[in-house]
Amino acid sequence: MILRTIDLVKDFGSLRAVDNVSLDIEGGEVRAIIGPNGAGKSTLLDLITNRSHPTSGSVYFRGKEITNLPPFTIASKGIGRCFQISKLFLGLTTFENVQIACISKWGKVYHMYSFKNNVLDHEVTKVLDSIGLNEMADELAGYLSYGDQRRLEIGITLAMMPTLLLLDEPTAGVSRGEGNDLMRLIKKLAAEQALTIIFIEHDMDMVFNYADKISVMHQGRVIATGIPDEIRNNSLVQNIYLGEKIS
Amino acid sequence: MLQALARNKSIGFGVIVVIVLSVLALVLPTYWTQLLTRVLIMALFATSLNFQVGYAGMFPLGHSMFLGLGVYSFGLLFTKGDLALTPAFGGALLISIMASGIIGYLCLRGDSMTFALLHLGFNILLYTIVNKWISFTGGNAGIVGISRPGLFSDTQSFYYFVLAAVSICYILMRILINSPFAKVTQGLRENEERLRFLGINIRRFQLVIFIISGLFAAVAGILLAMLDKGVFPTDISLTKSAEGLMMCLIGGMFSFLGPSLGAAIVVIISTVTSTYINQWQGLLGIIIIACVIGFRGGILGRRKSKLRLSKERVHQ
C-alpha cells in the first residue's frame, strides 16, 4: 500500500467539499478519479499534498503519516504534483525549468558557486528527451504551445523522481491526439520508473483506456471504486452521469 | 560553449570597467573622485537590493535599514566601542548578519504584500530609534569622527580602497548569480508554488536570500560611514530605501549591472542638480515616470522586459 487516506474531510464553511474519503492505492497502480464538476476531486489531491489542510482525517504515504507535514516536505518524500493549470517558470527556458527541479532533487539548492556552466546538464537532457522537448530546450516556457507546456509540467514533476504522481486533468485543453500521446507517455514513464499514478480526468475514453482502477466521486464522497468494467456497469455511476453514455 | 564565451566576455568587461574607473581617479578633480566613490558605494547597495527585487521577485520597501545597520553598527563600534577599524568592520558585519536574520525571519511570514509592509515597518522603527535615541546615536546630528584606514585617508587613495572592496563584492555576487542557488532564486520569482511542490522550503530559502542581500548592503553602509567620516540618520531613512528601488528601476532590474548604472544616474543627478535646482527629487520623479512608461525594465533591461511582456500575453 503506497498511499492510504482515512476518512478525509474538508469543509469550506458550511460546504463539505470532501466527505469521508478513504482510499487505498497500491504501488504501481494507475488510478483514475472521475466525477462531475465540483465533486471534490482537485480538493482531494490538495488534501493529500497538504496544499489545503484537511478538516479531519489522515493521509499515510508508504506507511507513515504525512497529514500535517508542510507541502515541501511531502514533495521531497516523493509525491509529485501536476496542476490543472500548468505551474511553470514561464520567464525561464524549458531547460531551466527542468534544471531547477533537478537542482532540488540532487540537493544543490544552496550551492552558491559553480564553475560549471550547465549544472546537471546530463540529468536535465535525459528528462527533456523522455518528454520529447529537447528541441525546445532554449525556448522560454511561456512561448511553448499549450500541449508542450503540459508536457513540461509533467517533465518537471518527473525530474523529482517521485514514487507517487498526482495529475490533475493532464490532458485537459489539448487535442485528442495530443492527449493520447501524453497519456501513453505517462504510462510508459510510469512503467520505467515504477511509478504509482493518481489522475483526475474528464475524458472517459482516456479513463477507460489508461486506468487500472477507477474511483468515482460525487458530492465529496467516493461512491464507487473498481476496475473499468465494474465501473462501466455500475448503475449508481450511470445515474450520476445521467444521459452521458459511458462507453 | 556560447555561455562559457559569454562569461569570459563578462570577465573581460569587468576588467575593462575596473581599469577605466582606476584611470578616471587619476584625471578627475577631487570633487568628482569623491562623487564617484559615492556612486560605487551606492551601486553596491543597489545591486544588493536587486538580488531580492530582480532575481527573487521580493519587494523590500525598507532596504536602507541594512545600509543603516552597516553604517551605525560600524560607527558605534568605532566611536563608542573604541574598536580599531578592522574589528569594528568585522563586528559590524556580524551584527548585520544577525539583525537581517532576525528581521528577515519576522518579515517572511506571509505573502509578498505582508513582506513589503513589514519590511517598511521595520525601516521606520529603526529610523525612529536612530533619530530619537540621541545619547547613543547622536540623533539627527549623527556621529562624526570616523576615520578611514590609515593608508587610504585622502580622497584619491580612499577611492581606490572602495573600488577594491566593491570589486571584491561584485566578483562574489557574480559568482553567486551563476550558481544553482541563483537559478532557484529566479524560479522563486517566476512561480513560488511550483518551487514549493519541488520540495523547497520557501521561507528558509527566502531568508537566505534576505541575509545575503542584507550583508552586501551592510558592507556598502560601512564604506559609506568611512566616506562621510560619520554616521547620519539619512542613511537609514525611507528616502534612501526609495532611492535604492529607483536605482534598480531606472538602470534595469533584470540585468546584473543595471542597478549600478541606475545608482550612477541617481547619485550624479541628485548631487549635481542639487547645487542648481532646489527640487532635484522632482527631476528624479520625472526620470522614473519616463522609465516606467517609456522603457519598462529600465535602461539595461529592454530585452528581458520584452520576455516578461510576452509572458503576460501567455497568461491572458
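## Briefing: helix packing, sheets and the A–B contact

Helix α2 (residues 30–56) and helix α11 (residues 238–251) of chain B cross at roughly 75°, with axes that come within 9 Å. This is a predicted model: local features need pLDDT of at least 70, side-chain atom pairs count only at pLDDT 80 or more, and totals for chains, interfaces and linings use all residues. Residues are numbered from 1 along each chain as its sequence is written, while chains are lettered from A and ligands numbered from 1 in the order in which they are written.

**Helices α2 and α11 of chain B**

- The pair α2(B) and α11(B) is therefore roughly perpendicular (65 to 115 degrees).
- Axes are lines fitted to C-alpha atoms, for helices over the stretch in contact, and angles run from 0 to 180 degrees between N-to-C directions.
- From α2(B), the contact uses Met42(B), Phe45(B), Ala46(B), Leu49(B), Asn50(B), Val53(B) and Gly54(B). From α11(B), Gly244(B), Met247(B) and Cys248(B) take part.
- Residues are in contact if their C-beta atoms, placed from the backbone, lie within 7 Å.
- By class, this contact of α2(B) with α11(B) has seven nonpolar, three polar and no charged residues. Ala, Val, Leu, Ile, Met, Phe, Trp, Tyr, Cys and Pro count as nonpolar, Asp, Glu, Lys and Arg as charged, and the others, Gly among them, as polar.

**Setting of α11(B)**

- Of the 14 residues of α11(B), 11 are buried, so the helix is largely enclosed by the rest of the structure. Buried means 20 or more other C-beta atoms within 10 Å of a residue's own, with C-beta atoms placed from the backbone.
- Among the buried residues of α11(B) are Lys240(B), Glu243(B), Leu245(B) and Ile250(B).
- Packing partners of the buried residues are α2, α3 (64–79), α5 (112–132), α12 (258–274) and α13 (280–294) of chain B.
- At 1.5 Å a residue, α11(B) should span 20 Å, and its end C-alpha atoms are 20 Å apart, which agrees. The expected span is 1.5 Å times one less than the number of residues.
- Gly252(B) follows α11(B) and has a positive phi, near 115°.

**Six-stranded sheet of chain A**

- The open sheet runs β6-β7-β8-β3-β9-β10 in chain A, with mixed pairing. Helices (H or I, at least four residues) and strands (E, at least two) are DSSP runs, numbered from the N terminus.
- At the edges stand β6 (79–82) and β10 (221–226) of chain A, each with a single partner strand, so one side of each lacks a neighbour in the sheet.
- Neighbouring strands are turned by 15° against each other on average, direction ignored.
- Strands β3 (residues 30–34) and β9 (residues 213–218) of chain A pair in the parallel sense over four bridges. Pairing needs at least two DSSP bridges.
- Ile33(A) stands opposite Ser215(A) in β9(A).
- Helix α5 (residues 146–159) of chain A lies across β6 and β7 of chain A, at about 170° to β6(A).

**Antiparallel strands of chain A**

- Strands β1 (residues 3–12) and β4 (residues 56–61) of chain A run antiparallel, joined by five bridges. Ile6(A) has Ser58(A) in β4(A) as its bridge partner.
- β4(A) and β5(A) form a hairpin with two residues between them. In the turn, Arg62(A) has a positive phi of about 50°.

**Contact between the chains**

- Chain B gives 31 residues to the contact and chain A gives 30.
- α8(B) supplies the largest share of chain B's side, seven residues.
- That side of chain B has 14 nonpolar, nine polar and eight charged residues.

Notes. Contact = placed C-beta atoms within 7 Å. Parallel < 35°, antiparallel > 145°, perpendicular 65-115°, else oblique. Buried ≥ 20, exposed ≤ 12 C-beta atoms within 10 Å, placed from the backbone.
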